[in-house]
Amino acid sequence: MRILDSTPPGWLHRRRRLLLDVLLWAVMAAPVGYAEASPPYSRYTVPLLVGKLLLVGVAVAAGRRRPLVALVLVVLGSLFDGNFVFAIPVFSYLAGRRSPTVGPAIMAFVLITAGGTALNLGLLGAGAATWFLLASVLLFAAVFPWLVGRYRRQQQELTDAGRRHVDALTREQRGTAERIRLRERARIAGEMHDSLGHDLSLIALRAAALEVAADLDDRHRAAAGELRASVSAATERLHEIIGVLREEAGGSVRPSGETVADLVDGAREAGMAVRLDAAPAVADLPAMTGHAAHRIVREALTNAARYAPGAPVDVRLIRDADRVEVTVVNAAPAAGPLPAPPSQGSGLLALAERVRLAGGTLKAGHRADGGFTVRAVLPATAPPPEAIGSAAEAGLTSWPDERPGPVERPVDAERRLHDARRRVRRSLLVALVAPVGFALVLSFVYYPVATAGTVLDRATFDQMRVGATRSELVGLPRRQLERPTPVDRAGCEYYTDGNFPLAEPTWRLCFTDGRLVSKERIV
């Protein structure tokens, strides 16, 4: 344990990165090292091998912080050793994967293209075919792997943004639920303040009546006065501690002495079809259980009137030996549920908190016939605190399906997710458009340049007579193609019939002392 505790933070991560870099260097240096280590040897073999291996090492070392610099290094290395071409796709992919922005990569590719064009066409005098070959290598070995790496990076960013978005939504929902619970606790405290304050006021009133009784001796009258003063002081402390929560809780509170039967009668007077089935034994319930049962029925009746107007409602209160079951079932309305303002289920969530604090469990959800059921199981006796704590783990066992509306999303997380999706779509679009752009460049740039003044049609070729002088040949193009070295012959000239897209040599005309000695079609 001491060894593990003394390990510096991030040391294992750095060692893993070092091992990956060493492995990358070994793979990229293998083609270069094999070419130099193969015979024939010269006195410069060892210095060249060391220099090339160092160049690969510098590229790998710079690839973490400066991936574009590493790409430029291997491109420059390919000017001296063609085996560096194997490293270009890898470092191009890593540049796209590790570069945070696009602008520097575009500038690097533009500079590589411009420099390579000037070097090959200007200084080295290479032909259009050589330029086209090198441009194709740059495109397929550098640009396309960079696009793949860029797409992979943005895909990872999208995944991270989605994860952060989900975390933010989760925190937001937890915060909303916690606020609802706290608000419900404050409402419960307010209701308990009203109830206890009323009872304490009655006790103080009785003590005051006892204090002024004519047949009471002085000693008992003094005790009654002390009792009245103590109750009055307790009432004031209760008001100071809990009374202020009544204003913060807001909403309606249970009128003192109102029962479930009174609540159902009020709903009937409002026009609801409510049937009550309540056992007589539910009258003397613990305060928390009675308040919770009253709140369950009130909330269920409110939701029924809101979402299923005109539908019959059944309210049942059944008491066993140690529990009370409260069930409110409403049928689906004949015309179907009416549209209602968006809701996050805060009513049932607050109800679940109240039931939890009473030591019970709550289930709520839609029925198969389109109705809705709210069912709670409450303790028939006052539960100990540890029982309430265990019930808190259960909470709302079935999430309320109360026409939940869209949860308000955190703005920053939403914007990051939107930006990440947009970058991924743009990167994918670039990857798809790049081949089309290459085809357009091939059609409108390379092909006209390669074929200008080199096209010889079949009819003109057939009319050319062997033995004729150059001046006698009608329709001879003003310039010939770059000579294909593998099949080149002395005194021979090559022309094309304009084949697309590569404009390869089609006709071979051989001259001796200014006369056409042979002509043939290249297959």
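Is Phe-140 buried, partly exposed or exposed, and at what relative accessibility? Phe-140 counts as partly exposed, because its relative accessibility is 46%, where buried means under 20% relative accessible area, exposed means over 50% and partly exposed lies in between, with a 1.4 Å probe and protein chains only.

Before I go on, please keep in mind that this is a predicted model, in which local features need pLDDT of at least 70, side-chain atom pairs count only at pLDDT 80 or more, and totals for chains, interfaces and linings use all residues. Residues are numbered from 1 along each chain as its sequence is written, and side-chain values use heavy atoms, with hydrogens and water left out.

Now to the rings. Rings of Phe, Tyr and Trp (its six-membered ring) pair if their centres lie within 6.5 Å, and planes under 30 degrees apart count as stacked, over 60 as edge-to-face and the rest as tilted; by this rule there are three aromatic pairs. One of them joins Phe-140 and Phe-144 edge-to-face, at 5.2 Å centre to centre and with 90° between the planes, and both residues lie in helix H7 (residues 128-211), four residues apart, about one turn of the helix.

Another pair, Phe-461 with Trp-507, is stacked, at 4.4 Å centre to centre and 20° between the planes. Phe-461 counts as buried because its relative accessibility is 7%, and Trp-507 counts as buried at 2%.

Finally, the charged end of Lys-519 sits over the ring of Phe-461, 4.9 Å from its centre, the rule being that NZ of Lys or CZ of Arg is within 6 Å of the ring centre and within 35 degrees of the ring normal.

Technical notes: Helices (H or I, at least four residues) and strands (E, at least two) are DSSP runs, numbered from the N terminus.
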